[in-house]
Protein chains: 2
Amino acid sequence: MALKSNVFDVETIELAGTKETVVKGGRHLFPKLPEALAGIQKIAVIGWGSQGPAQAQNLRDSLEGTGVEVVVGLRAGSSSWADAEAAGLNPGEMFDVIAGADLVILLIADAAQANLYKEVFARIRPGATLGLSHGFLLAHMQSVSDDFPSGINVIAVCPKGMGPSVRRLYEQGREVDGAGINASVAVHQDVDGRATDIALGWAVAIGAPYIFETTLQNEVRSDVFGERGILLGALHGIVESLYRRFTELGDAPDKAFSRACECVTGPLARTISHEGIKAVSESFEGDAKRTFEEAYSASYKASMPILAEIYDEVSSGNEIRSVVQAGERLKKFPMSEIGTTRMWKVGDTVRAKRDETNVELDPTSAGTVCGTMLAQIDLLFERGHPWSEIANESVIEAVDSLIPYMHARGVGYMVDNCSTTARLGTRKWGPRFESSMNQEVFPVLDSEGARDDNLVDAFQNHPIHQVLEEIAKTRPAVDISVT
Amino acid sequence: MALKSNVFDVETIELAGTKETVVKGGRHLFPKLPEALAGIQKIAVIGWGSQGPAQAQNLRDSLEGTGVEVVVGLRAGSSSWADAEAAGLNPGEMFDVIAGADLVILLIADAAQANLYKEVFARIRPGATLGLSHGFLLAHMQSVSDDFPSGINVIAVCPKGMGPSVRRLYEQGREVDGAGINASVAVHQDVDGRATDIALGWAVAIGAPYIFETTLQNEVRSDVFGERGILLGALHGIVESLYRRFTELGDAPDKAFSRACECVTGPLARTISHEGIKAVSESFEGDAKRTFEEAYSASYKASMPILAEIYDEVSSGNEIRSVVQAGERLKKFPMSEIGTTRMWKVGDTVRAKRDETNVELDPTSAGTVCGTMLAQIDLLFERGHPWSEIANESVIEAVDSLIPYMHARGVGYMVDNCSTTARLGTRKWGPRFESSMNQEVFPVLDSEGARDDNLVDAFQNHPIHQVLEEIAKTRPAVDISVT
């Protein structure tokens with residue numbers, strides 16, 4: 001497979017010895033959008049959850065003056081009606097909007113997609129294009145032996161960041177061309193030869209600086225897996241466990257929070273974002289380096305079986321079925337709160353009086369997060385995912401999109417501004433990683449011999465370092481500024 | 001449905017207004033075993049995990065002098081060969097043993113059942129009886145659209161306790177007739193009209209004092225659900241969370257362990273076993289009663305959504321598929337350790353210098369466990385399970401079989417002497433309950449208004465109290481003595 005476009009320049013880049021075709025985005029490409037979206041007069045963005053507000057507003061702003069209309073479709077009586085109006089988008093009843101559109105971008109919650117997709121398909125005009133922002137619907141239909149209708153294009157543009165960051169970095173892109181959230185594109189059905197350019201146009205229009213190719217199948221696996229892993233679930237579980245460990249070892253609450261969480265969301269994420277993962281290890285010396293390597297080794301080993309379990313659950317369809325089932329249960333039992341523990345109350349205070357210059361990189365915390373991150377990277381590579389997807393789903397989405405929100409507003413805000421599927425996954429898998437740290441990692445750190453020479457060597461020479469360096473060249477070094 | 005036997009007396013009992021047919025067991029019925037098992041010369045017990053050693057030895061002892069032979073079947077080269085020989089049972093290669101038996105009791109691990117059942121079916125003699133100790137195999141075959149062969153009886157006898165307690169209480173039954181672990185029986189296929197009596201004979205022979213009827217479908221749901229709930233998973237998660245809370249509130253480690261765990265495995269389990277759940281509430285007065293009711297209310301509400309999720313996962317087949325998938329992963333990643341946290345190290349010390357008379361019933365701990373227990377009971381009732389099954393899967397198995405082992409030897413011993421399916425479930429769901437307590441229950445207890453009048457009233461007038469009283473009459477008040 002290779003991307004082929006009649007509109008945008010496709011580049012071949014080499015990542016750790018493998019070749020991938022990518023498009024580098026940016027505002028300078030906006031004049032090409034009418035050509036890329038030729039034949040599309042009306043784009044319907046359906047839903048107003050995490051991605052809906054971001055993509056609808058970015059599309060509208062990027063397409064200003066082109067004559068392409070962006071409309072929002074919602075359930076009649078949806079509580080989001082006023083929010084969409086306040087954002088300057090006139091919403092309409094979703095099925096009417098779908099019937100009138102040339103490109104239907106379906107961003108309703110996954111469980112709603114599972115319940116409503118037949119009605120959606122019935123309303124889409126033959127020859128129109130169905131756009132998805134991840135592969136969930138394909139996975140659900142596979143589990144019930146169903147398929148997309150044959151007479152439409154089916155494409156996906158999957159931003160590797162939650163909706164609020166897709167919007168925020170796009171806004172920052174007005175000052176710094178190329179600031180934005182990377183995206184993967186997948187062309188699943190192409191009935192008129194235009195599917196790839198429509199997908200690339202959509203990705204450019206929402207502000208993606210780096211656009212790489214995947215399949216719906218690979219996308220859903222890496223996406224649902226990644227958010228249950230180090231992007232959200234594992235990250236949450238790990239910082240909870242670290243806070244507990246540091247308080248048990250005698251730290252006062254604010255110091256423990258600083259070591260466990262401020263360190264991860266501040267200097268750790270910043271170092272990885274600016275200089276890569278290896279720079280984290282290189283920033284330590286002597287005893288601290290040894291502590292980093294011990295925490296790295298123990299966490300890599302403890303998290304790998306959970307990550308393998310998550311991948312199996314996603315691949316087998318179990319995780320997809322669970323999300324669909326949860327849709328019913330959520331009507332009776334609303335989603336639980338996750339930012340309510342003692343730790344996050346301490347966090348509110350610590351954040352309020354924060355001095356960024358004063359937060360140190362803690363070697364235990366850094367090692368724990370990096371060990372889990374590398375385990376996730378190795379597992380995705382073993383399962384055949386391309387490097388662009390691996391790097392975005394394991395590293396870039398974390399440090400450049402999600403963690404900055406956790407740094408500014410706490411874990412609850414970060415998690416709950418992602419999709420319902422991601423939120424459910426965090427609540428399900430976060431506690432598994434937390435227990436694993438408590439039961440398997442910390443007892444090993446308290447004994448001798450936690451450092452695993454082979455794992456540490458593999459880390460030093462890991463191909464991910466070159467991959468991150470290469471991908472970092474494609475966009476400006478601009479940090480998201482959470483408002 | 002009603003049990004009908006040509007050999008044993010079937011009684012109709014009334015439990016909370018519903019009628020069930022049951023058989024009350026005991027050693028005085030052993031002389032009837034040859035009649036119940038007429039036509040069976042050889043019983044094959046396949047596997048040597050949790051139930052295998054217990055059932056094989058109990059059957060051999062009960063059938064001594066009758067001419068019915070009990071043989072054990074193992075994989076060639078199994079590491080359990082020596083253990084089976086040491087227990088006085090001559091093991092043979094499992095497929096050879098199956099081919100030579102009239103009753104094949106299949107007690108290999110669930111994942112192995114899923115992988116080997118076709119070979120097992122191919123070896124069972126037409127007209128023979130296949131015996132299961134829970135409904136897992138049915139659930140797995142349903143998920144792959146397969147079925148049992150038609151020419152054999154298919155029955156289940158499902159002890160409501162882990163293997164070591166099935167053996168231990170049987171041994172105590174030599175002194176006190178009727179001491180034993182309750183069991184459900186299910187007749188799934190009856191090709192010769194003898195299936196029910198064979199099942200009842202098997203149940204009586206392994207020492208079950210109270211034998212009630214179920215179906216394989218109801219059995220697997222309540223069993224896999226119950227062990228993920230208050231029997232193992234929830235119980236483990238709850239005591240971990242309680243220990244953390246008490247230490248955070250300032251208790252020294254040994255005091256915190258005593259309040260969180262000793263209280264639950266000691267006086268709480270003993271009170272429920274001897275006097276029922278309501279007696280726990282009645283043992284508190286004033287502020288302590290208020291604390292109990294607050295913890296009860298908050299825990300009931302927080303655990304119900306997780307319990308509903310577990311029930312959905314089991315019913316949909318997801319949980320069964322997960323266990324089968326785990327079978328493959330366990331070859332590469334052995335089961336994690338769960339009794340390794342700081343808390344259980346403290347526990348070793350506390351248990352070593354224990355003074356039983358000195359452990360108080362803590363109202364927070366008691367309320368938390370009872371709230372989760374009642375949520376589980378209500379959920380099973382809503383899903384149509386009979387009271388005997390509900391009471392055994394939510395209360396009796398906990399207080400009379402599992403918890404005494406946790407009291408004597410810690411959580412790791414208790415959990416890891418159950419089936420692989422149960423052990424996996426504890427590692428999967430325990431952390432969910434632990435997080436739920438930390439995130440949802442304790443913050444509510446720290447604020448006002450945690451007591452829910454409706455829930456407390458419902459508890460006071462709950463039908464489970466009469467059900468437990470009725471079932472308790474069927475066997476002697478003998479506590480399991482863990483050696």
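In chain A of this predicted model, 27 residues of domain 1 touch 28 residues of domain 2.

A salt bridge links the side chains of A:Lys160 and A:Glu393, at 2.5 Å from N to O. Polar contacts across the interface of domain 1 and domain 2 of chain A come to 12 residue pairs, with both residues at pLDDT 80 or more. On the domain 1 side, at least two residues each come from E1, E2, helix H5 (110-123), helix H6 (136-143) and helix H7 (163-172) of chain A. H7(A) has the largest share of that side, at five residues.

Two of those contributors, E1 and E2 of chain A, also turn up in the sheet. Chain A has an open sheet of 10 strands with mixed pairing, and reading across it the order goes E1-E2-E10-E9-E8-E7-E6-E3-E4-E5. Strand E1 (11-15) and strand E5 (91-93) of chain A are the edge strands, each with pairing on one side only. Going from strand to neighbouring strand in this sheet, the turn is 30° on average, direction ignored. Strand E2 (residues 18-24) and strand E10 (residues 210-213) of chain A run antiparallel and are joined by three bridges; along this pair, A:Lys24 faces A:Tyr210 of E10(A) from the opposite position. Helix H21 (residues 464-472) of chain A packs on the sheet, where it touches E1 and E10 of chain A, and its direction is at about 150° to that of E1(A).

Chain B has its own open sheet, with 10 strands, mixed pairing and the order E1-E2-E10-E9-E8-E7-E6-E3-E4-E5. Its edges are strand E1 (11-15) and strand E5 (91-93) of chain B, each pairing on one side only, and the twist from one strand to the next averages 30°. At the E1 end, E1(B) pairs with strand E2 (residues 18-24) of chain B through five bridges in the antiparallel sense. One residue pair to look at here is B:Ile13, whose bridge partner in E2(B) is B:Glu20. Helix H21 (residues 464-472) of chain B lies across E1 and strand E10 (210-213) of chain B, and runs at about 150° to E1(B).

That leaves the contact between the chains. Interface size is often quoted as the accessible area lost when the parts come together. For chain B and chain A that area is about 3,300 Å², of which 45% comes from carbon and sulfur atoms. Each chain puts residues into the contact: 38 from chain B and 38 from chain A. On the chain B side, B:Arg244, B:Arg342 and B:Gln439 supply 19% of the area buried against chain A, more than any other three residues.

The chains share eight salt bridges. B:Arg342 takes part in a salt bridge with A:Glu248, where the closest N and O atoms are 3.1 Å apart. Polar contacts between chain B and chain A number 20 residue pairs, both residues being at pLDDT 80 or more. Helices carry this side of the contact: helix H10 (233-248), helix H13 (286-315), helix H14 (318-332) and helix H19 (420-445) of chain B are the elements that give two or more residues to the side touching chain A. H19(B) gives the most, with 10 residues.

Note on methods
Residues numbered from 1 in each chain as written. Chains lettered and ligands numbered in written order. Predicted model: local features only at pLDDT ≥ 70, side-chain atom pairs only at ≥ 80, totals over all residues. Heavy atoms only, no water. Pairing = 2+ DSSP bridges. Helix = DSSP H or I, 4+ residues; strand = E, 2+ residues; numbered from the N terminus. Axes fitted to C-alpha atoms, helices over the stretch in contact; angles between N-to-C directions. Contact = heavy atoms within 4.5 Å. Salt bridge = Lys/Arg side-chain N within 4 Å of Asp/Glu carboxyl O. Polar contact = N/O pair within 3.5 Å; in protein donor to acceptor, adjacent residues only side chain to side chain. Buried area = accessible area lost by both parts, 1.4 Å probe.
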